[in-house]
Amino acid sequence: MKLTIRLLLIGVVFINACRETEPSQSMMTDTEYLHAAQKKLTDIIVKDIFSPPVASRVYVYPLLAAYEAGKFVQPDAKSITDQLHGFEKMITPESGEEYDFAVAAIKAFCTTAPKVVFSVQEIQDFEQKTLAELKGRSSQAIFERSIAFGQQVADVILRRMSKDNYAETRGMERFEVKAEPGRWIPTPPDYADGLEPHWEKMATMVTDSASQIRAAIAEPYNEDPNSPFWKEVKEVYEISKTITEEQENIAIFWDDNPFVSRHRGHLMFQDKKMTPGGHWLAICQLFLKEKKVGFYDSLKAYALTSLGLYEAFISCWYEKYHSLRVRPETIISAKIDKEWHPYLISPPFPAYTSGHSTISSSAAEVLTGLFGDNQAYTDTTEEEYGLPVRSFTSFRQAAIEASISRVYAGIHYRSDCDMGNEQGAKIGQLVLEKIKL
């Protein structure tokens with residue numbers, strides 16, 4: 001009996017000793033850690049309430065950093081930032097040394113992200129937890145070398161970020177409101193100032209300037225019932241009077257307003273949701289997960305999609321604050337029906353071109369270029385915000401629906417959306433043409 005007990009104790013000690021000497025193995029793959037980092041950033045953007053243009057900046061730098069630090073899992077991978085405007089030559093790993101490039105990517109991402117968000121502690125907590133899980137799968141020397149490399153990549157990204165004119169645009173003058181026919185003025189219920197009137201001054205990465213890819217000149221303001229402009233005004237009004245349940249569902253699904261003021265009597269409350277760019281990066285993530293796309297190709301998809309979004313916002317905002325097109329709500333309530341309101345709240349910036357249309361088309365072109373056309377998927381990304389799912393036959397079909405949703409919502413004329421689609425497609429195509437990987 002004593003011999004049996006002694007043997008059992010020896011067995012337990014042996015098993016525990018083996019467990020202590022084996023490196024810890026995470027249950028997550030490198031790609032899953034990357035997806036978790038991207039989702040964490042989206043959650044923080046929703047919490048911190050960044051405007052759609054600013055959110056595109058919040059996304060692009062950490063995702064570029066992750067790509068540049070992690071791309072070496074693919075031996076022949078090329079740098080993206082070396083092909084963009086304003087970036088220093090990207091560093092490379094030491095020859096002959098071993099790295100864990102997933103660790104490097106997470107470190108680069110988590111070093112860059114705190115510089116573009118308010119909720120810094122949340123990123124730091126995510127970084128600490130994630131790197132602790134990854135630490136045991138390689139030697140201490142490899143881990144520390146990978147951390148150092150990720151930090152060095154982030155430093156290159158952050159030096160470019162410090163020169164992108166964002167800080168300068170924070171101190172520029174507010175948009176000057178002028179009550180002129182056809183010119184945008186603030187809209188109900190908040191009558192907010194024009195949002196990011198100087199976003200066109202942001203340093204571009206792919207395009208040569210904010211004005212390189214412009215939409216066709218908008219139809220001029222004209223109250224003649226037979227004019228092209230007035231026909232578009234009437235179309236918005238007539239759709240609102242006969243709007244179907246499906247059109248309402250489409251409008252709500254693609255609303256993506258990060259901070260909507262809801263008014264009930266004297267009470268006001270806010271809804272928080274993803275930005276339009278966040279929605280498209282969520283679609284990107286959904287597709288990557290569904291197709292089980294690997295680590296390198298996921299890095300590439302996130303980086304290029306975020307680039308398409310960033311460039312599209314700059315081009316679109318240039319157009320908005322040069323065209324200064326009035327919103328349908330202003331015209332319809334003044335000239336047709338003083339009790340009329342759009343189905344969704346009019347955003348606080350000029351109408352032409354439609355931001356949703358421009359950035360959706362840009363993202364869809366990038367994703368189509370990466371994964372091919374006719375990639376059917378079901379968009380479940382809005383479920384956490386209480387919205388049902390919608391299914392699409394392709395990224396481009398989804399972008400077209402996102403675009404027309406703004407007409408159904410009563411906040412855009414059809415040409416805002418059609419021209420935005422064309423503008424965004426050209427931007428997405430330029431991203432694919434210029435970045436050779």
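## How α4 and α6 are oriented

In this predicted model, helices α4 and α6 are oblique to each other. Helix α4 covers residues 101–112 and helix α6 covers residues 140–161. Their axes lie 7 Å apart, and the helices pack at an angle of about 40°. Two packed helices are described by the angle between their axes and the distance between the axes.

The crossing of the two helices, α4 and α6, is right-handed. On the α4 side, Phe-101, Val-103, Ala-104, Lys-107, Ala-108, Thr-111 and Thr-112 make the contact. Helix α6 contributes residues including Phe-143, Ile-147, Gly-150, Ala-154 and Leu-158. Sorted by class, the contact of α4 with α6 holds 11 nonpolar, 5 polar and 1 charged residues.

## The buried side of α9

Helix α9 runs over residues 245–253. Its buried residues are Gln-247, Ile-250, Ala-251 and Phe-253.

## Ser-354 in a loop

Where is Ser-354 placed? The residue sits in the loop between α12 (328–335) and α13 (355–371). Ser-354 has 0% relative accessibility, so it counts as buried; the cut-off for buried is under 20%.

Leaving aside neighbours within four places in sequence, the contacts of Ser-354 are Cys-316, Lys-320, Arg-406, His-412, Asp-416, Cys-417 and Gly-420.

Key. Residues numbered from 1 in each chain as written. Predicted model: local features only at pLDDT ≥ 70, side-chain atom pairs only at ≥ 80, totals over all residues. Heavy atoms only, no water. Axes fitted to C-alpha atoms, helices over the stretch in contact; angles between N-to-C directions. Helix = DSSP H or I, 4+ residues; strand = E, 2+ residues; numbered from the N terminus. Parallel < 35°, antiparallel > 145°, perpendicular 65-115°, else oblique. Left-handed = near helix turned anticlockwise from the far one by under 90°. Contact = heavy atoms within 4.5 Å. Nonpolar A, V, L, I, M, F, W, Y, C, P; charged D, E, K, R; others polar. Buried < 20%, exposed > 50% of the residue type's maximum accessible area, 1.4 Å probe, protein only.
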